[in-house]
Amino acid sequence: MSEAVSKLYKALRRILAEPMGAFGVALVVLMVFGAVFADILATAEPSDISPRDRFQGPSITHLLGTDHLGRDLFSRVLHGGRIALSVALFSIAASLVIGVVLGLIAGYGPRWLDNLMILVFDALKSFPTVMLALALVTLFGPSLTAVVVVVILVNVPGYARIIRTQTLALKSAQFVSAAQSMGAGTTRILRAHILPNVIGPLLILASMDIPVVIAIEAGMSFLGLGVRPPTPSWGAILNDGFAAIRDTPWIAVAGGLPIIVTTLGFTFLGETLRDVFDPRLKVR
Amino acid sequence: MILSINNVEVTFRVGPWFNRQPILGVAGVSFDVAPGETFALVGESGSGKTTLANAINGLQSISNGDVTFLGERIDTTSQRNMKPLRQQMAMMFQDPVGSLSPRMRVGDLVAEPFHIHKIKANIKEETERLLSLVGLSGDFANRYPHQLSGGQARRVGVARAIALNPKLIIADEPTAGLDVSVQGEVLNLLNDLRERMDLAMIIITHNLHVVHHVADRMAVMYLGRIVELGETESMFRAPAHPYTAALLSANPEPDPDKAKERISLPAEVPSLLARPSGCEFHTRCPWVQSRCKSDQPFANGEVRNIACHYPLSPGDKLPVKQSSI
Amino acid sequence: MNILEIQNLNVTFDTEDGQLRALRDVSFNVPEHRIVGIVGESGCGKSTLINSILGLLADNGQVEKGKILFEGQNLTELNSSQLRELRGVRISTVFQDPMGALNPVISVGTQMLHIQYRSSLSKSEKLDNAAEMLRRVRIPDRESALTRYPHEFSGGMKQRIAIAMAMMMEPALLIADEPTTALDATLEVATIELLQDLQQQIGCSVLFISHHLGVIAELCDDVVVMYAGEVVERGTTRQIFYRPMHPYTERLLQCDPAGQSERTRHLPTIPGEIPDLRLRTPGCIFAARCHCREDICDSTPPEVEIEGQSARCHRLVA
């Protein structure tokens with residue numbers, strides 16, 4: 001256990017040694033801190049409407065001002081961060097699980113199954129994200145579920161393909177033949193011998209997808225296809241702000257700034273992770 | 001006999017789907033291995049020795065013939081029935097480090113056979129016992145394969161192979177990629193274990209010097225066929241097949257002044273897609289006669305099997321090229 | 001005259017766990033028209049040595065001290081473009097894997113033309129040169145071979161084509177790094193004989209690296225024995241094989257299964273592992289594994305020379 005801790009510590013040191021990595025970590029920590037402690041940090045209930053306080057500028061009581069219903073924007077941004085982060089983490093985790101399983105099956109299974117699965121992945125991938133989102137919303141109605149399903153459908157084919165390619169390459173590796181010769185079954189070979197060797201690069205890529213998911217969630221909520229009011233979401237705040245951008249620009253800023261900050265933070269962090277741990281993926 | 005293989009053929013299909021061509025990787029090979037015996041399969045790359053090993057191990061399906069291990073036909077048995085037989089037969093692959101799963105620790109690698117066959121044992125104790133048996137201290141259990149030298153990785157492979165007390169070990173190039181000073185260690189270790197555990201071994205190699213020291217009997221393969229099979233010592237003393245003679249003479253020895261009587265062969269090995277007619281060695285044989293081009297010779301003889309129409313006898317003058325250094 | 005003189009070469013690498021001394025005080029010569037073999041097991045510094053000569057050390061490696069004199073010119077002082085002028089023209093290389101030297105998507109003939117880009121000959125003359133070179137390495141059917149691609153040749157032929165390309169510009173020095181290791185015994189012998197013939201025709205020197213003692217004995221005039229980044233012994237091939245002075249050379253020769261003509265089930269070995277080059281202590285580099293180790297071995301051993309054969313060992317002083 002202590003070895004794992006020291007490994008983690010070493011990794012963190014290497015990330016912090018890169019200026020871009022340190023900046024990324026700082027932004028991400030800020031964002032996660034805000035999301036986790038939203039209840040304590042929030043100065044008001046995020047959904048409490050107070051018509052008297054509509055369209056107030058930033059002040060001591062309302063750090064980021066209020067919106068057209070008089071809701072405290074600072075609190076809404078914090079709680080919106082919670083939504084954004086949990087949607088991102090949950091849907092990426094689900095995409096990872098599904099993608100890895102499908103990729104292993106495609107890579108290790110018979111040739112015809114592989115061909116069939118590749119066909120399905122390619123078909124899914126050729127679908128524009130927006131179309132997919134619209135189609136799903138007509139099915140489920142605007143909701144968080146729709147957002148999550150869209151993200152999974154968008155990510156799984158890519159993840160599965162990465163795992164499949166590497167599994168194919170490892171299928172004939174000597175250590176896999178050795179396991180077969182000892183009598184190991186397919187599940188054991190996939191779990192103990194192939195998975196640990198293929199998952200690393202995918203985890204790095206997935207971490208770089210977190211900002212993309214946050215943007216998708218914000219985008220769908222902005223269009224009214226995602227989170228339903230009054231639940232706070234950065235996209236929804238941005239939309240509210242757009243309606244009144246001439247008179248009260250701080251609303252749009254309150255919605256847009258956190259999106260930019262988190263996206264930037266996660267992107268920097270992900271790129272540093274990639275450069276530090278998997279230089280092969282580096283684009284020159 | 002612990003293992004009998006009889007007329008085994010392995011066919012691969014190559015080419016695009018509309019024009020699949022069958023090629024014979026292993027063409028009608030037969031031999032037996034007795035308990036406690038060390039048998040060597042010798043041949044150059046592409047001679048089918050590794051394919052044959054995989055066929056014996058059941059990793060490669062065979063298109064003809066039969067393989068009998070401990071009285072059971074393993075070429076026709078199901079994967080389920082094969083599993084218990086795999087406890088009795090261990091395979092060591094060519095690459096010492098590459099045959100170890102890179103993200104597993106040595107301790108887990110050595111313990112793997114116990115997990116696969118669900119054998120109840122004090123795994124920690126067993127791993128330590130096995131590691132000390134191959135001359136590695138207990139601290140090695142926590143290392144990863146990339147932290148091992150070639151010789152150490154090979155020892156881990158040996159420890160894993162003997163974990164379940166097998167009757168037969170198939171070792172594919174056990175000394176490949178190892179330094180000279182370490183080759184002896186690994187061969188000595190295998191030999192000690194063979195004596196102690198009454199193991200039978202099949203050693204696959206192109207290193208004739210190794211064969212000379214470890215094998216009781218040897219078979220020389222060419223284009224997927226056994227061209228000569230017999231007692232190691234007598235074959236080294238008096239090779240009968242011209243190919244065996246050429247291989248033996250091509251073995252550079254660490255002695256600068258030793259006069260080298262070499263049989264030089266044309267370097268072009270025929271393709272498996274276009275096997276020569278008659279004796280398949282006739283395209284390179286220095287003693288070729290007209291009959292060799294049309295009639296295929298078949299192995300004959302009780303102690304020594306030779307697939308050649310005109311085998312050499314010990315007194316024969318070799319058509320050699322004297323190289324002077 | 002010496003084509004190549006390595007004098008007191010020290011090379012270090014900066015690693016995460018400290019500085020690694022890959023080569024320590026390496027000195028030897030490659031005289032004109034001679035084949036010098038370097039023998040050593042993994043981790044002895046053979047690859048570092050080649051890369052230092054070629055100026056291709058990894059970014060974290062540096063020549064700390066010493067000279068590499070090629071035709072009197074110190075290679076460690078040249079910049080990368082001056083080194084590029086030498087590589088492939090005056091110094092050429094053949095590696096274990098011939099595909100490292102052959103471009104898979106360009107035909108053999110075109111590649112052989114590219115090598116002669118500096119020459120002022122016409123294209124057809126250059127093609128004639130290429131065909132002539134293929135004849136020398138005994139490639140059958142030369143005209144069509146020039147139009148074919150590397151993958152259409154067998155492993156042994158590819159290696160011979162790689163040798164032909166290395167010899168094309170008639171270099172002064174050929175560095176051959178385990179060129180026969182991947183080949184089968186019959187092809188190995190053929191390749192050695194070919195190298196010998198070409199070396200005599202062209203009159204170059206060869207630095208031949210191998211761990212195969214039999215090949216070294218057969219091919220080389222002089223031998224340099226390396227262990228853990230040091231040259232422990234050097235001399236003529238006969239001296240090294242018949243009268244080794246350093247205990248490591250002695251043991252190495254004994255270990256080779258090929259050295260035992262009598263059949264034995266128990267082969268000699270050298271117990272122990274090579275030392276960690278990051279924790280270099282003073283004293284003899286081989287002391288920890290040596291069968292005749294004494295207290296004095298903790299101090300740096302002297303270089304003793306007898307009739308042109310020299311070794312680093314205290315034992316020789318007495």
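The side chains of B:R225 and B:E280 meet in a salt bridge, with 2.8 Å from N to O; a salt bridge here is a side-chain nitrogen of Lys or Arg within 4 Å of a carboxyl oxygen of Asp or Glu. The model is predicted, so local features need pLDDT of at least 70 and side-chain atom pairs count only at pLDDT 80 or more, while totals for chains, interfaces and linings use all residues. Residues are numbered from 1 along each chain as its sequence is written, chains are lettered from A and ligands numbered from 1 in the order in which they are written, and side-chain values use heavy atoms, with hydrogens and water left out.

**Domains of chain B**

- Chain B is divided into domain 1 (3-237) and domain 2 (241-325), with bounds that come from an automatic or database domain assignment.
- The centres of domain 1 of chain B and domain 2 of chain B, taken over C-alpha atoms, are 28 Å apart.
- Contact, meaning heavy atoms within 4.5 Å, involves 25 residues from domain 1 of chain B and 23 residues from domain 2 of chain B.
- About 2,200 Å² is buried between these two domains of chain B, and carbon and sulfur atoms give 57% of that area; buried area is the accessible area (1.4 Å probe) that two parts lose on being put together, summed over both.
- B:Y222, B:L223 and B:E228 supply 30% of the area that domain 1 of chain B buries against domain 2 of chain B, more than any other three residues.
- Two salt bridges are found across the interface of domain 1 of chain B and domain 2 of chain B.
- Eleven residue pairs, both at pLDDT 80 or more, are in polar contact across this interface of chain B. A polar contact is a pair of N or O atoms within 3.5 Å; within protein, one must be able to donate a hydrogen and the other to accept it, and residues adjacent in sequence count only if both atoms are side-chain atoms.
- On the side of domain 1 of chain B that touches domain 2 of chain B, at least two residues each come from β2 (21-33), α7 (208-214), β9 (217-222), β10 (225-231) and α8 (232-237) of chain B. Helices (H or I, at least four residues) and strands (E, at least two) are DSSP runs, numbered from the N terminus.
- The largest share of that side, seven residues, comes from β10(B).

**Domains of chain C**

- The domain assignment of chain C gives domain 1 (2-90 + 174-274) and domain 2 (102-170).
- A distance of 27 Å separates the centres of domain 1 of chain C and domain 2 of chain C, taken over C-alpha atoms.
- The area buried between domain 1 of chain C and domain 2 of chain C is about 1,400 Å², with carbon and sulfur atoms giving 67% of it.
- In domain 1 of chain C, the residues that lose the most area to domain 2 of chain C are C:L194, C:L198 and C:I202, together 38% of what that side buries.
- One salt bridge is counted between domain 1 of chain C and domain 2 of chain C.
- Helix α7 (residues 185-202) of chain C gives nine residues, the largest share of the side of domain 1 of chain C that touches domain 2 of chain C.
- C:R138 and C:D197 form a salt bridge, their closest N and O atoms being 2.6 Å apart.

**Interface of chains B and A**

- In this interface, 24 residues of chain B are in contact with 17 residues of chain A.
- Chain B and chain A bury about 1,600 Å² between them, of which carbon and sulfur atoms give 54%.
- One salt bridge is counted between chain B and chain A.
- A:R188 forms a salt bridge with B:E112, in which the closest N and O atoms are 3.1 Å apart.

**Interface of chains C and B**

- The contact takes 44 residues from chain C and 42 residues from chain B.
- About 3,800 Å² is buried between chain C and chain B, and carbon and sulfur atoms give 52% of that area.
- C:E218, C:R263 and C:R265 supply 21% of the area that chain C buries against chain B, more than any other three residues.
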